[in-house]
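Visitor: I would like a close look at a single part of this model, and then at what surrounds it. Please keep it plain.

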Amino acid sequence: MDLDVFVSAHRAEWDRLDDLLRRQRRLSGAETDELVTLYQRTATHLSLIQSSAPDPQLTGRLSQLVARARSAVTGTRRASWRDVTRFLTQQFPAAVYRARHWWVPTALLSTAVAALLGWWIGTHPEVQSTIAAPSELRELTRPGGQYETYYSSHPAASFAAQVWTNNAWAAALCLILGVFLGLPVIWILFQNMLNLGVGFGLMSSAGRLDTFLGLVLPHGLLELTAVFVAAGTGLRLGWTLIDPGPRTRRVALAEEGRAAIGMAIGLALVLFVSGAIEGFVTPSGLPTWARITIGVVAELAFLAYVYVLGGRAVRAGDTGDVEATERSATVPTAA
């Protein structure tokens with residue numbers, strides 16, 4: 001493409017669109033139709049320039065012009081309860097379902113790492129001695145020790161809020177830092193599995209593994225699943241930088257990034273549920289089987305939510321991204 005010739009051929013249309021946008025409130029019916037037509041043509045021109053002869057200054061000008069025209073044509077859109085419903089029943093579960101090939105292997109591998117660490121710590125006293133002094137380890141693992149009193153050391157409501165905030169922040173970090181090739185995500189995930197493995201190993205060495213599992217499983221199943229989903233999504237976002245597929249790297253990152261942001265909101269809701277279980281159910285006087293049953297039911301409900309609603313939404317064409325009308329107008333709609 002000869003950029004100078006292209007600009008000369010279409011400059012008048014861009015100037016006319018800019019003029020119509022400046023006085024859009026006083027446009028006649030014919031001028032309004034002209035504005036829509038010029039908006040569509042300019043979007044096409046922008047797409048052609050970006051793909052054939054990218055020029056930063058011209059691309060910036062046309063991008064701004066297309067954005068203004070799109071706002072004028074579509075109008076200002078306000079969020080509604082319909083958006084909330086669509087997010088909860090389609091966008092969020094679809095995003096989680098689409099990422100299953102990342103977070104399911106992440107979950108399996110991470111669980112194996114935590115179990116291996118727990119076995120290693122539990123069967124090697126010399127490793128335990130590097131964690132804490134023998135007296136401190138006994139205080140941690142004895143009946144009524146710190147591992148048990150941790151969950152009831154604060155009022156349930158404030159404890160649940162603190163747990164929710166910490167877990168939501170960890171999940172958000174996994175999603176945000178995934179863009180750095182996923183390396184920070186691996187570190188965050190390893191830290192979580194190390195903490196789990198240490199508790200598993202120390203309590204098993206003290207012959208109290210059943211107590212440990214009874215305290216962790218009620219909230220841990222759902223909590224760890226949310227962390228695995230965030231980590232898997234972050235890793236996928238990092239891989240998008242390496243292999244964007246048939247999309248351009250910019251478009252791929254934009255699409256996956258928007259889905260990740262939406263997933264952060266959805267996972268915050270999931271972690272709110274797990275935090276409530278950790279704050280009110282885990283330290284409760286319910287029998288161990290009842291507490292674990294609540295955790296299993298919450299986990300199965302989330303998986304059914306993802307695989308039933310998410311699978312249905314994906315088969316219907318939902319990707320977890322925002323609606324087409326909310327995306328950047330860089331793809332032409334008419335010639």
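Visitor: What is the relative accessibility of Ile 186, and does the residue count as buried, partly exposed or exposed?

Guide: Ile 186 has a relative accessibility of 49%, so it counts as partly exposed. The cut-offs are these: buried is under 20% relative accessible area, exposed is over 50%, and partly exposed lies in between, with a 1.4 Å probe and protein chains only. The model is predicted, so local features need pLDDT of at least 70 and side-chain atom pairs pLDDT 80 or more, while totals for chains, interfaces and linings use all residues. Residues are numbered from 1 along each chain as its sequence is written, and side-chain values use heavy atoms, leaving out hydrogens and water.

Ile 186 sits in helix H10. Helices here are DSSP runs of H or I with at least four residues, strands are runs of E with at least two, and both are numbered from the N terminus. On the surface, Ile 186 belongs to a nonpolar patch with Leu 181, Leu 183, Trp 239 and Ile 242, and together the patch has about 520 Å² of accessible area. That area comes from the Shrake-Rupley method with a 1.4 Å probe, and for residues only the protein chains shown count as cover. Patch residues have over 30% relative accessible area and no salt bridge; nonpolar side chains (Val, Leu, Ile, Met, Phe, Trp, Tyr) are joined within 5 Å, like charges within 9 Å. A salt bridge is a side-chain nitrogen of Lys or Arg within 4 Å of a carboxyl oxygen of Asp or Glu. H10 (183-205) and H11 (209-242) each supply at least two residues of the patch.

With a relative accessible area of 48%, Leu 181 is partly exposed. Its phi is positive, about 60 degrees, although Leu 181 is not a glycine. Most residues other than glycine have a negative phi.

A nonpolar core is a set of buried Ala, Val, Leu, Ile, Met, Phe, Trp, Tyr and Cys residues joined through side-chain atoms within 4.5 Å. The largest such core has 35 residues, and Phe 92, Val 96, Met 263, Leu 267 and Phe 302 have the most contacts inside it. At least two residues of this core come from each of H4 (81-98), H5 (100-123), H9 (156-177), H10, H11, H12 (249-281) and H13 (288-315). H11 gives the largest share, eight residues. Val 96 touches Trp 103, Val 229, Met 263, Phe 302 and Val 306, leaving aside residues up to four places away in sequence; contact means heavy atoms within 4.5 Å. Apart from this core lies another, of 18 residues, including Leu 20, Leu 38, Ala 43 and Ile 49.

Residues 211-239 are 100% helix and 0% strand, with end C-alpha atoms 40 Å apart.

Next come the charged pairs. Side chains of opposite charge can pair when their charged atoms come close. The model has 11 salt bridges. In one of them, the side chains of Glu 256 and Arg 236 meet at 3.0 Å, N to O. Glu 256 is in H12 and Arg 236 in H11, so the pair ties together parts that are 20 residues apart in sequence. Glu 256 is buried, with a relative accessible area of 6%, and Arg 236 is buried too, at 9%.

Arg 86 and Asp 318 form another salt bridge, at 3.1 Å from N to O. Since Arg 86 lies in H4 and Asp 318 in the segment after H13, the pair ties together parts that are 232 residues apart in sequence. Arg 86 counts as buried at 16% relative accessibility, and Asp 318 is buried at 9%.
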